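Subject: Structure handover

Hi,

Here is the structure I promised. My notes follow below it.

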Amino acid sequence: MRQTISTVADVKEMIENKRTLLLAGDENALHQLPKGNWVAGTIPYFISSDQGGMVSQEMISVTDITDIVTSFKITAYDQNSLARVYSEGPKHGFSFIVIPASSKTHLAFALNAPNYKDFGVRPLIGWIAGVHLSELGKKTPKVVNGITGEVLEEGALVLQAELPQGKVAEIGIVNLFEQGGGDVLTFTSDDFAAKDVIVNGEKQNFAEYIVKNKLDTKLPLVADYYGALVNISFQGVDEAEGLVKFYAPVFSGIRYKHAKPVLDYVKQFNERLRNEGSIESHRIAFSCNCILNYLYSELEGKKTEPFTGPVTFGEIAYQLLNQTLVYLEVLDV
């Protein structure tokens with residue numbers, strides 16, 4: 001198994017050869033593909049095995065899962081029906097999901113996924129589709145069902161894949177951010193934006209708090225979800241409105257702290273992998289990294305072996321994540 005960054009011509013050949021593919025690419029590149037066994041989301045940012053981080057509106061990220069799955073189907077959901085995504089997942093396999101950024105379905109999933117029936121019971125991995133950053137507000141992120149040719153700006157596509165007996169799917173997360181030693185921050189509602197924050201028990205305006213304390217908003221808030229560290233990335237701070245916006249929602253009752261800085265992403269990334277033991281590249285079925293890691297850690301031209309694949313507007317490992325790398329392994333049992 002290997003993710004590749006391929007030309008449109010090469011991807012066409014794979015589709016014509018009946019390969020089952022998870023694709024990521026610019027809308028114009030995806031538009032040139034014939035119907036077939038594939039599902040895709042729009043994004044022109046990738047990490048390749050030879051060039052490292054790269055931007056291309058002509059190339060396509062390809063994950064060929066033909067040889068690891070026994071069957072699959074692609075199901076479309078909207079912001080309401082998506083509540084069934086965990087309970088309808090394959091009993092022996094995994095679900096792969098792509099959702100357009102800033103769609104109603106994206107917002108519904110971000111806010112509600114942990115409360116959906118059977119949350120976390122079966123593996124769900126995927127990502128949030130985006131656009132070239134210079135086209136924000138000019139083009140909309142999309143997802144494409146290769147079987148039908150359907151292109152969605154609103155909704156989610158889920159490829160539900162069955163694995164052969166003797167194989168299991170496991171989802172991993174590489175999160176280099178840890179909670180810093182600063183204030184404990186909590187919020188009074190579940191939302192993508194906050195005016196107020198409770199700082200060590202005292203209510204303050206969050207925008208004023210960030211400015212006063214000179215918080216680096218390239219670093220996320222980090223929550224400890226029963227041992228799992230989950231990042232909430234800053235989208236912007238509006239001092240005039242006194243409003244702070246996020247790329248993923250904060251939740252009431254959760255204790256957040258501003259993250260420790262990551263000084264050298266690639267160095268710390270490699271140290272993290274060494275500390276956690278080897279991850280065999282042939283077992284990695286899919287991986288993706290966050291656009292904020294790409295930008296803030298200047299990953300263009302830098303490699304994150306053994307992980308390649310699309311750079312996304314959000315990662316999904318059971319729920320929506322920010323500033324992480326997520327991956328799917330298929331293991332023998």
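Start with Gln 323: at 2% relative accessibility, this residue counts as buried (buried is under 20% relative accessible area, exposed over 50%, partly exposed in between; 1.4 Å probe, protein chains only). Gln 323 has a positive phi of about 50°, although it is not a glycine. Its place is the loop between S26 and strand S27 (325-332). Helices (H or I, at least four residues) and strands (E, at least two) are DSSP runs, numbered from the N terminus.

Before you go further: this is a predicted model, where local features need pLDDT of at least 70 and side-chain atom pairs count only at pLDDT 80 or more, while totals for chains, interfaces and linings use all residues. Residues are numbered from 1 along each chain as its sequence is written, and side-chain values use heavy atoms, with hydrogens and water left out.

**Backbone**

Lys 214 also shows a positive phi of about 50° without being a glycine. Lys 214 sits in the loop between helix H4 (206-212) and strand S18 (221-225). Lys 214 counts as exposed, because its relative accessibility is 74%. The peptide bond from Glu 305 to Pro 306 is cis, with omega near 5°. Pro 306 lies in the loop between helix H6 (291-296) and strand S24 (309-312). For context, most residues other than glycine have a negative phi, and most peptide bonds are trans.

**Sheet**

Six strands make an open sheet. Their order is S7-S12-S8-S9-S25-S26, with mixed pairing. Two strands pair if DSSP finds at least two bridges between them. At the edges are strand S7 (71-77) and strand S26 (319-321), each pairing on one side only. From one strand to the next, the twist averages 20° (axes are lines fitted to C-alpha atoms, for helices over the stretch in contact; angles run from 0 to 180 degrees between N-to-C directions). S7 and strand S12 (residues 156-162) are antiparallel, over seven bridges. Ile 74 has Leu 159 in S12 as its bridge partner.

**Cores**

The largest nonpolar core has 99 residues (a set of buried Ala, Val, Leu, Ile, Met, Phe, Trp, Tyr and Cys residues joined through side-chain atoms within 4.5 Å). Phe 96, Phe 109, Phe 206, Leu 221, Phe 246 and Tyr 256 touch the most other members. Leaving out residues up to four places away in sequence, Phe 206 touches residues including Leu 185, Phe 187, Lys 195, Asp 196, Leu 221 and Phe 246 (contact means heavy atoms within 4.5 Å). Another core, of 14 residues, lies apart from the largest one. Val 11, Leu 21, Leu 30 and Trp 38 are among its members.

Best regards
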